[in-house]
Amino acid sequence: MSDAAPREVPRPPELDAVFHLSEVRTDGERVLYYGISDVGERALVERVWPAFRERGYDVQVVQTDRGLDVVVARPYSAGIDGVPWTNVLLFCATLLSTLLVGATAWYYIPFSAIRQDPTAALQAWPFTAAVLGVLLTHELGHYVMGRYHEVDVSLPYVIPFILPFGTMGAIIRMRGQMPDREALFDIGVAGPLAGLVATVVVTVIGLLLGPFTVPAEMVQQGGRVIVFNNPPLLDIIAGAMGQRTDYGDPRRTAHPVIMGAWVGMFFTVLNLLPVGQLDGGHIVRAMVGERQETVAALVPAALFGVSAYLYYVRDLGVNESVGLWAFWGLFSAFIAYRGPADPVDDSSLGWRRMALGLFTFALGLLCFMLVPIQVTTL
């Protein structure tokens, strides 16, 4: 870290008007302005953010242990610099994990057969295309709208995992300040809406592919199996097409591509929880302002309530959605403390965006299942 500031370091007059500057340092690409602010942190950002943005910088304010205020400015990234290797490697790893899990869990290909011939896992490519197509479309909705509003957002990171889908989903990173509520709303809502469009397409394709035949040896083995119940939206689409998803025969199940649609609908529900950095948290923060914190505080209690109802009233086991909602109750309580992004301009939204927000949550309700997962016997 150098103590002297280079000549090209920005120092807009808007900063000097409200900030008693005592020292400027550089740390790589970042510029750190030490001093005492005449106004609060939020007001300081509102005053200086436009001026720094015009000069190609994004800013945030922190405090040191010496009681000084620090304005941290770093160059705003307007595009992709070089090959995003982390994103590429995670995508490749998730491609492999979804192929492997899809082949063994949804196409009933024994793992021993895949060890002998790894190309056997390629039979699960429709499942992989469905799952990754839905997840990436969701995140690219955020990305495109972020770039539209000139917010520094990363490309999607897809996260590999094991059962039951081979992935834990996908995320993007938003860096720097959010300009206003409109940008926060548009970026937040673009993901669920784009993802749901992809989900509907995947659902239609999966239904047209017809039932999937379970190998006879799997049916003969009997035993307990996990059942993923249909969201209302899936039943609505199937009904409109005159298709079925339940064939009343253990040897015939919905096509594995339908699981890609199930993933899209279930992840939409989770993402629309109005807490923290989830899409729902951003959307509600843009719609109602700081009152979002009150809404977020109710979410963990509601999820714990659902878990208790399923356990004590419906007499379901921990593995039958009870543990799922209890886990999300804990997780939502944890992320609620961080809160959503705070926009620089906190002006209210217009009625069109408010209506779109309500419509998005209504679509989310069509994806909600009180009991997403159950255990039954073949």
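1. A contact, in this note, is a pair of residues with heavy atoms within 4.5 Å of each other. On that basis, among the contacts in the protein between residues at least 6 apart in sequence, 70% join residues that are at least 24 apart. The model under discussion is a predicted one, and the values below should be read as computed from it.

2. On overall composition, the protein has 378 residues, of which 46% count as buried, and its secondary structure comprises 13 helices and 14 strands. Along its principal axes the C-alpha trace spans about 80 × 45 × 35 Å. The domain assignment gives domain 1 as residues 13-75 and domain 2 as 85-290 + 340-377, and the centres of these two domains, taken over C-alpha atoms, are separated by 40 Å.

3. The contact between the domains takes nine residues from domain 1 and 12 residues from domain 2, and about 820 Å² is buried between them, with 42% of that area on carbon and sulfur atoms. On the side of domain 1, Arg42, Trp49 and Arg74 lose the most area to domain 2, and together these residues account for 54% of what that side buries.

4. Polar interactions across the same interface of domain 1 and domain 2 amount, by the rules applied, to one salt bridge and two residue pairs in polar contact, both at pLDDT 80 or more. Helix 2 (41-54) and strand 3 (57-63) each supply at least two residues of the side of domain 1 that touches domain 2, and helix 2 gives the largest share of that side, namely five residues.

5. Side chains of opposite charge can pair when their charged atoms come close. The structure holds nine salt bridges. In one of them, the side chains of arginine 25 and glutamate 23 meet with an N to O distance of 2.6 Å, and glutamate 23 is partly exposed because its relative accessible area is 22%. Aspartate 152 forms a salt bridge with arginine 74, in which the closest N and O atoms are 3.4 Å apart. Aspartate 152 is buried, at a relative accessible area of 2%, whereas arginine 74 is partly exposed at 23%.

6. Threonine 94, which lies in helix 3, is a buried residue with a relative accessible area of 0%. A polar atom of the side chain of threonine 94 lies 2.7 Å from the backbone oxygen of leucine 90, and the side chain of threonine 94 also reaches the backbone oxygen of valine 158 at 3.4 Å. When residues up to four places away in sequence are not counted, threonine 94 touches Leu132, Val158, Ile159, Pro160, Gly166 and Thr167.

7. Phenylalanine 185, found in helix 6 (residues 181-208), counts as buried because its relative accessibility is 0%. Leaving aside residues up to four places away in sequence, phenylalanine 185 touches Ile283, Ala286, Met287, Leu349, Arg353, Leu356 and Gly357. Phenylalanine 185 and tryptophan 85 are 100 residues apart in sequence and 29 Å apart in space, C-alpha to C-alpha.

8. Tyrosine 108 has a phi near 60°, a positive value in a residue other than glycine; its place is in the loop between helix 3 (85-106) and helix 4 (111-116), and tyrosine 108 counts as partly exposed at 24% relative accessibility. Glutamate 150, which is not a glycine either, has a positive phi of about 60° and is found in the loop between helix 5 (125-148) and strand 5 (152-153).

9. As to the record, an unreviewed UniProt entry carries the annotation "transmembrane region" for several spans, including residues 88-109, 121-141 and 184-209. In the model, residues 88-109 are 86% helix and 0% strand, with end C-alpha atoms 27 Å apart, while residues 121-141 are 81% helix and 0% strand, with end C-alpha atoms 30 Å apart.

Technical notes:
Residues numbered from 1 in each chain as written. Heavy atoms only, no water. Helix = DSSP H or I, 4+ residues; strand = E, 2+ residues; numbered from the N terminus. Buried < 20%, exposed > 50% of the residue type's maximum accessible area, 1.4 Å probe, protein only. UniProt positions renumbered as here; feature names shortened; annotations may be inferred. Domains from an automatic or database assignment. Buried area = accessible area lost by both parts, 1.4 Å probe. Salt bridge = Lys/Arg side-chain N within 4 Å of Asp/Glu carboxyl O. Polar contact = N/O pair within 3.5 Å; in protein donor to acceptor, adjacent residues only side chain to side chain.
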